[in-house]
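Please study the sequence and the three-dimensional structure shown here before reading further.

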Amino acid sequence: VAAGAGPERVVAVCLPRGAAFVTALVGVLRAGAAYLPLDPALPPARVDHVLADAGVTCVVTAPGAVGRFPTTPVVAVDDTGAVVDPAGVAAEVGDAPLAAASEVGHPDCLAYVVYTSGSTGQPKGVAVSHRTLGCLLRWHLHRYRPRPGERLAQLARVSFDAAAWEIWPALVAGAALEVPPDDVLARPDLLAAHLADRAVTSAFAPTPLAEALLDHPVLTRGGPRRILTGGDVLHAREETVTDVEVVNHYGPTENTVVATAGGALRAPWGETTIGAPLPGVRCYVLDRWLRPVPEGTPGELYLGGTSVARGYVAAPPGTAARFVADPFGPSGGRMYRTGDRVSWWGRELRFHGRTDRQVKVRGFRIEPGEVEAVLLAHPEVRAAVVGASGRGDVLVAHVELDRDVAVAELAEHARARLPEHLVPTVILPVGTMPMTSSGKVDRARLPEPAAPAAEFAPPRDEGEELIAECWAEVLSCAPPGVHDDFFALGGHSLAAARLAARLGEIFDVD
């Protein structure tokens with residue numbers, strides 16, 4: 001409060017997952033302000049842009065990170081969330097009482113701001129009110145009924161909106177939050193064991209991680225009884241058989257995390273939907289003239305009702321383009337244009353992809369334009385085209401260069417400006433971008449990144465044969481040669497963790 005926090009003010013919280021982070025969020029809301037979660041691993045350039053774009057009042061961070069914010073007031077806290085501010089903010093506040101909860105602000109006051117990938121080349125901040133966050137909490141408490149004594153996992157990165165869905169229902173219900181260490185999160189086998197050992201009853205995991213967790217039999221021995229998932233198309237492998245209840249969800253950040261939810265699944269399951277609308281959420285499947293389409297016919301999904309966010313921070317044109325008047329609801333209502341193609345299947349929705357270039361890679365929502373803008377900022381990059389691989393699990397950048405530049409240099413250039421999930425896994429230089437007769441890049445003629453090595457070298461002994469079989473199993477590809485590249489074949493960090501676990505089982509090594 002002494003640093004300026006109050007209604008409609010934004011306080012950035014730059015802390016890792018854990019007790020201090022959760023304590024800071026409670027403190028920000030208790031002061032009547034809105035929080036902006038920042039992952040400490042974000043590149044400085046990204047952090048500086050977000051702080052300026054959101055008009056941040058102050059930053060809550062660790063003492064060792066104070067120097068990262070030379071122009072913004074800082075409140076430093078220790079690992080428990082207790083203030084250790086060298087600037088004396090704690091002394092200035094003293095024992096002054098906080099405002100009563102009823103004085104914190106109107107339900108339509110800002111609760112949090114979360115930044116997502118932006119098609120214009122810069123991230124965009126989604127502004128969410130207490131009212132819409134409250135709708136999410138009421139639905140979650142009614143649907144899943146968390147209770148005191150239960151343990152709910154907190155797995156999402158702090159800067160993703162899913163963290164709000166993990167944290168607030170647990171605290172409101174009086175349940176405990178279990179926050180696994182980052183090194184455990186990187187290994188699905190270790191995470192499955194951790195959740196079982198800590199008696200976690202429920203966990204949300206992005207679709208790829210959920211699928212990896214369900215492959216581990218430890219979950220049937222005292223692990224979570226429920227896995228909530230969302231973010232991508234959910235598949236069950238034929239060998240996936242578990243008693244864990246799985247619930248698939250769908251929702252953009254602009255609709256306060258969750259818009260639809262399916263019924264309980266128990267593997268093995270067949271084709272999945274993205275579920276039915278939550279109470280208070282209105283789902284419209286419309287054609288280009290905003291007319292409802294018949295059941296079974298794909299159209300663009302528009303979301304109206306009580307969970308639509310306020311809009312984008314400091315971006316009136318973007319807000320006007322995506323948050324449009326709702327002609328089907330009450331007067332003055334708005335609906336969010338998702339850009340997702342869906343169709344009605346009874347009372348539930350099937351997902352059919354995107355109407356624009358936005359892609360989902362391993363559950364992350366990515367606007368290729370943002371990544372392309374960063375690559376084009378390199379002085380030697382003349383043109384850049386970014387998209388998902390044919391398998392959809394790797395982000396690929398094709399670049400046209402003015403002179404030879406090492407791919408590692410381009411990757412480092414991107415890594416210094418983008419969060420890790422937006423950095424292309426594969427960067428492929430091309431001599432000249434193939435063009436269509438209308439003068440646009442011919443994406444169909446861009447080279448595929450998953451081509452095998454120029455000279456196939458088969459495994460040379462039994463050990464290499466076993467490793468090749470593991471690669472083929474994890475990557476769903478043909479058995480690779482000795483010189484093939486794991487990432488060029490579609491590998492990524494989660495696949496690497498699954499591979500490490502599989503090799504550990506076969507060779508009895510860590």
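A residue is called buried when its relative accessible area is under 20%, exposed when the area is over 50%, and partly exposed in between, using a 1.4 Å probe and protein chains only. This is a predicted model, in which local features need pLDDT of at least 70 and side-chain atom pairs count only at pLDDT 80 or more, while totals for chains, interfaces and linings use all residues. Residues are numbered from 1 along each chain as its sequence is written, and side-chain values use heavy atoms, with hydrogens and water left out.

Let us begin with the strands. Helices (H or I, at least four residues) and strands (E, at least two) are DSSP runs, numbered from the N terminus. Strand β15 covers residues 299-305, and six of its seven residues are buried, so this strand is largely enclosed by the rest of the structure. Two strands are said to pair if DSSP finds at least two bridges between them. Strand β14 (residues 281-286) pairs with β15 in the antiparallel sense over six bridges; here Y284 has Y302 in β15 as its bridge partner. β15 also pairs with β18 in the antiparallel sense, over five bridges, and G304 stands opposite M335 in β18.

β18 (residues 334-345) and β19 (residues 348-354) are antiparallel partners over six bridges, and R341 has G353 in β19 as its bridge partner. The hairpin of these two strands has two residues between them, and G346 takes a positive phi near 70° there.

Most residues other than glycine have a negative phi.

The interior comes next. In soluble globular proteins, nonpolar side chains tend to be buried together. A nonpolar core is a set of buried Ala, Val, Leu, Ile, Met, Phe, Trp, Tyr and Cys residues joined through side-chain atoms within 4.5 Å. The largest such core has 59 residues, of which V13, Y35, Y112 and W168 touch the most other members. Helix α1 (residues 19-30) gives the largest share of this core, seven residues. Contact means heavy atoms within 4.5 Å. Leaving aside neighbours within four places in sequence, W168 is in contact with L25, V26, L29, Y35, L133 and L137.

On a 1 Å grid over the protein atoms alone, a cavity is a set of points where a 1.4 Å probe fits but cannot get out, and lining residues have an atom within 4 Å of a point. Grid points are joined across faces, edges and corners, and a volume is the space filled by probe spheres set on the points. There are three cavities of 30 Å³ or more, and the largest cavity holds about 110 Å³ of space. Its lining includes H140, W165, E166 and F204. β7 (151-153), α5 (162-173) and β9 (202-206) each supply at least two residues of this lining.

Note on methods:
1 Å grid on protein atoms, 1.4 Å probe; cavity = no way out; pocket = protein on both sides within 12 Å on 5 of 7 lines; lining within 4 Å.
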